[in-house]
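Notebook open, model loaded. I want to jot down what I looked up, entry by entry.

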Amino acid sequence: MVAFSKVAAVAALASSASAHTIFQKLYVNGVDQGQDVGIRVPSTNNPVTDVTLIDIACNTALVSPPPGAIINTPAGATLTMEWHHGGSGPDPNDGDDPVASSHKGPIMVYLAKVDNALTASASGLKWFKIYEDGLDVASNTWAVDKFIAADGKVNFSIPTCLAPGNYLLRGELIALHGALTYPGAQFYMSCAQINITGGGSASPPTVSFPGAYSGSDPGILVNIYYPPLTTYVIPGPRPYTCGGSNPTTATTKTTTPATTKTTTPVTTTKTTTTAVVTTKTTTPVTTTKTTTTPVKTTTGGSTGGAPLYGQCGGIGWTGPTTCAQGTCTVSNAYYSQCL
């Protein structure tokens, strides 16, 4: 079956080698801003495959100079990205528009605060994620499947608490049909120039591109064919929300396991374990015997740590930091996983 999965992956890759996609239009609360208006559209629909290159920020071979427009958007507005296989909008005669159906994977949106969106370089910017959608395991439906059904459109909202000013908006689609090896995943992204009005004064935690992704991240180096995935971890940090909690609509299959594990008993048991270790060095044997069972439950029991492939650490993580099975391995500053 493993051999079959590799054949399927190679066949999918070969049959759609040029079936790529470009982010080329933005809507604000349903209002079309125009073809290529305010978007740093690349001159080719080819993907980026090396996550260590600056190209991973806003793509390579950009149209130069950047577009001379900034799109105004109120904080809290609903934005819509529109992508297509070709560079001139929808093509009803193109069977791979907006992208080939083999290009399954997640879709994400990041923002970076800049002084002037017209002149800002993508190099050295600090980014935070505001939207992501990955895999619905129950229906085996990817974000890209829904994107194709919506004719290349993806809706998301600007957080209401963001500080007003200029930003670069980074839309990204990752195609995983060739991701059994690295480099194999295909990264499609472009950056739009926007100005957020209203809002608040939030200062979200940020990541850098390159730097936010590793070629060994479980959402980048992955076999999506066989065996069937029971979970999928979207690369990068979780989306920033004004209430301080992660959304549940866009990342149901990546956040639900983590939420299940973040329970009070786990946190309490860990605290007890520390106390027991101290007691053993200072307290008679009688006291140690009465606390043996809690120690075993915390350090090695099947309910005392994250399961295999579950989250076990990262900035802001409050769940278990030990693994019931596997070793807690750092993917990036925001995500560690039991592997």
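Below are my entries on strands, cores, rings and a few single residues.

**Entry 1: what I'm looking at.** This is a predicted model, so I read everything here as computed from that prediction.

Entry 2: I began with an open sheet of 4 strands, ordered E2-E1-E5-E10, with antiparallel pairing. Which strands stand at the edges? I found E2 (31–32) and E10 there, each with a single partner strand, so one side of each has no neighbour in the sheet. E1 and E2 pair antiparallel over 2 bridges, and Val 28 stands opposite Val 31 in E2.

**Entry 3: strand E6.** Next I checked how enclosed E6 is. Of its 7 residues, 6 are buried, so the rest of the structure largely encloses this strand. I then looked up its pairings. E6 and E7 run antiparallel and are joined by 6 bridges, with Met 108 standing opposite Glu 132 in E7. E6 also pairs with E11 in the antiparallel sense, over 7 bridges, and there I noted Ala 112 opposite Leu 168 in E11.

**Entry 4: the cores.** How many residues does the largest nonpolar core have? I get 35, and those with the most contacts inside it are Leu 26, Met 81, Leu 111, Phe 156, Ile 158, Leu 169 and Ile 194. Several elements each supply at least two residues of this core, including strand E1 (22–28), strand E5 (78–84), helix H3 (143–149) and strand E11 (165–175). Apart from it lies another core, of 33 residues, among them Ala 57, Ala 120, Leu 176 and Ala 179.

**Entry 5: Trp 127.** This one lies in strand E7. Buried or exposed? Trp 127 is buried, at 0% relative accessibility. Not counting residues up to four places away in sequence, Trp 127 touches, among others, Cys 58, Tyr 110, Leu 168, Arg 170, Cys 191 and Phe 209. I also took the C-alpha to C-alpha distance from Trp 127 to Tyr 167: 9.8 Å in space, for 40 residues in sequence.

**Entry 6: rings.** Searching the whole structure, I got 9 aromatic pairs. One of them is Phe 128 with Tyr 240, edge-to-face, 6.3 Å centre to centre and 75° between the planes. Phe 128 lies in strand E7 and Tyr 240 in the loop between strand E13 (207–208) and helix H4 (252–261), so this pair ties together parts 112 residues apart in sequence. Phe 128 is buried, with a relative accessible area of 5%, whereas Tyr 240 is partly exposed at 22%. I also noted a cluster, in which ring pairs link Tyr 110, Trp 127, Phe 187, Phe 209 and Tyr 213.

**Entry 7: charges over rings.** The charged end of Arg 170 sits over the ring of Phe 209, 3.9 Å from its centre. Lys 113 lies over the face of Tyr 167, at 5.3 Å from the ring centre.

**Entry 8: Gln 193.** Last, I went to strand E12 (residues 186–197), where Gln 193 is found. Gln 193 counts as buried because its relative accessibility is 0%, and the cut-off for buried is under 20%. What is it in contact with, leaving aside neighbours within four places in sequence? For Gln 193 I listed, among others, Gly 38, Arg 40, Pro 66, Pro 67, Ala 117, Tyr 167 and Leu 168.

Conventions. Residues are numbered from 1 along each chain as its sequence is written. This is a predicted model: local features need pLDDT of at least 70, side-chain atom pairs count only at pLDDT 80 or more; totals for chains, interfaces and linings use all residues. Side-chain values use heavy atoms; hydrogens and water are left out. Buried means under 20% relative accessible area, exposed over 50%, partly exposed in between (1.4 Å probe, protein chains only). Contact means heavy atoms within 4.5 Å. A nonpolar core is a set of buried Ala, Val, Leu, Ile, Met, Phe, Trp, Tyr and Cys residues joined through side-chain atoms within 4.5 Å. Rings of Phe, Tyr and Trp (its six-membered ring) pair if their centres lie within 6.5 Å; planes under 30 degrees apart count as stacked, over 60 as edge-to-face and the rest as tilted. A charge sits over a ring if NZ of Lys or CZ of Arg is within 6 Å of the ring centre and within 35 degrees of the ring normal. Two strands pair if DSSP finds at least two bridges between them.
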